[in-house]
Amino acid sequence: MCMTDNQGGVLNYYPNSFSAPDCQPRFMESKFRVCPDVGHNSSDDDNVTQVRTFFTAVLNEAERERLCQNMAGHLTGPQLFIQKRMVQRLMTVDQDYGSRVQALLDKYNTEGKKNSVHIYTKGG
């Protein structure tokens with residue numbers, strides 16, 4: 001558990017939309033020889049089937065609605081391009097999932113604009 005300022009809010013994961021953590025060679029993975037050679041290629045990992053099954057076959061309607069509300073609620077803070085990117089990913093999981101989150105984001109973002117505080121400065 002982090003007990004400090006968590007790097008002052010600097011992103012500590014990769015990939016992200018802003019910058020990457022510095023690569024520090026002393027912390028690189030160790031390499032060792034095995035026979036035959038093995039490796040891991042994550043470019044073809046299936047990152048949607050389990051999520052799709054969870055959304056469509058495990059959750060009931062009320063649980064799906066709460067999940068979508070939770071996702072959209074947490075996505076109102078990030079910039080719009082990140083919201084769109086996340087909705088695109090949810091659409092690959094399930095069209096209904098992505099559509100619901102997008103509809104809620106539209107609603108929450110509109111409500112946020114109505115409830116925002118405008119500070120007017122002299123000359124502005």
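Modeller: One term before we start: a contact, or touching, means heavy atoms within 4.5 Å. Please also keep in mind that this is a predicted model.

Biologist: Got it. What does Ser 17 touch, leaving out residues up to four places away in sequence?
Modeller: Ser 17 has Phe 81, Ile 82 and Arg 85 as its contacts, with residues up to four places away in sequence not counted. Ser 17 itself sits in the segment before α1.

Biologist: Which side chain does the side chain of Ser 17 make a polar contact with?
Modeller: That partner is the side chain of Arg 85, at 2.5 Å.

Biologist: And how many residues apart along the chain are Ser 17 and Phe 81?
Modeller: They are 64 residues apart along the chain, and 9.5 Å separates their C-alpha atoms.

Biologist: Why does Ser 17 count as partly exposed?
Modeller: Because its relative accessibility is 29%, and the partly exposed class lies between the buried limit of 20% and the exposed limit of 50%.

Biologist: What share of the residues counts as buried?
Modeller: The figure is 15% of the 124 residues. As for contacts with a separation of 6 or more, 60% of them are between residues 24 or more positions apart.

Biologist: Now the helix pair α1 and α2. At roughly what angle do their axes cross?
Modeller: The axes of α1 (residues 49–58) and α2 (residues 61–75) cross at roughly 135 degrees and come within 9 Å. That angle makes α1 oblique to α2.

Biologist: Which residues make that contact?
Modeller: From α1 you have Phe 55, Thr 56 and Val 58, and from α2 Glu 63, Arg 64, Leu 67 and Cys 68. Sorted by class, the contact has four nonpolar, one polar and two charged residues.

Biologist: Which residues make up the largest nonpolar core?
Modeller: It has twelve residues in all, among them Phe 55, Cys 68, Val 87 and Tyr 97. The elements giving two or more residues to this core are α2, α3 and α4, and α4 provides the largest share, four residues.

Biologist: You mentioned Val 87. What does it touch, again skipping residues up to four places away in sequence?
Modeller: Val 87 touches Gly 98, Val 101, Gln 102 and Leu 105, with that same exclusion of residues up to four places away.

Biologist: Last one: is Gln 83 buried or exposed?
Modeller: Gln 83 is buried, at 4% relative accessible area, and it lies in helix α3 (residues 80–93). A polar atom of the Gln 83 side chain lies 3.2 Å from the backbone oxygen of Pro 78. Not counting residues up to four places away in sequence, Gln 83 touches Leu 75, Thr 76, Pro 78, Leu 105 and Asn 109.

How values were computed:
Residues are numbered from 1 along each chain as its sequence is written. This is a predicted model: local features need pLDDT of at least 70, side-chain atom pairs count only at pLDDT 80 or more; totals for chains, interfaces and linings use all residues. Side-chain values use heavy atoms; hydrogens and water are left out. Axes are lines fitted to C-alpha atoms, for helices over the stretch in contact, and angles run from 0 to 180 degrees between N-to-C directions. Angles under 35 degrees count as roughly parallel, over 145 as roughly antiparallel, 65 to 115 as roughly perpendicular and the rest as oblique. Ala, Val, Leu, Ile, Met, Phe, Trp, Tyr, Cys and Pro count as nonpolar, Asp, Glu, Lys and Arg as charged, and the others, Gly among them, as polar. Buried means under 20% relative accessible area, exposed over 50%, partly exposed in between (1.4 Å probe, protein chains only). A polar contact is a pair of N or O atoms within 3.5 Å; within protein, one must be able to donate a hydrogen and the other to accept it, and residues adjacent in sequence count only if both atoms are side-chain atoms. A nonpolar core is a set of buried Ala, Val, Leu, Ile, Met, Phe, Trp, Tyr and Cys residues joined through side-chain atoms within 4.5 Å.
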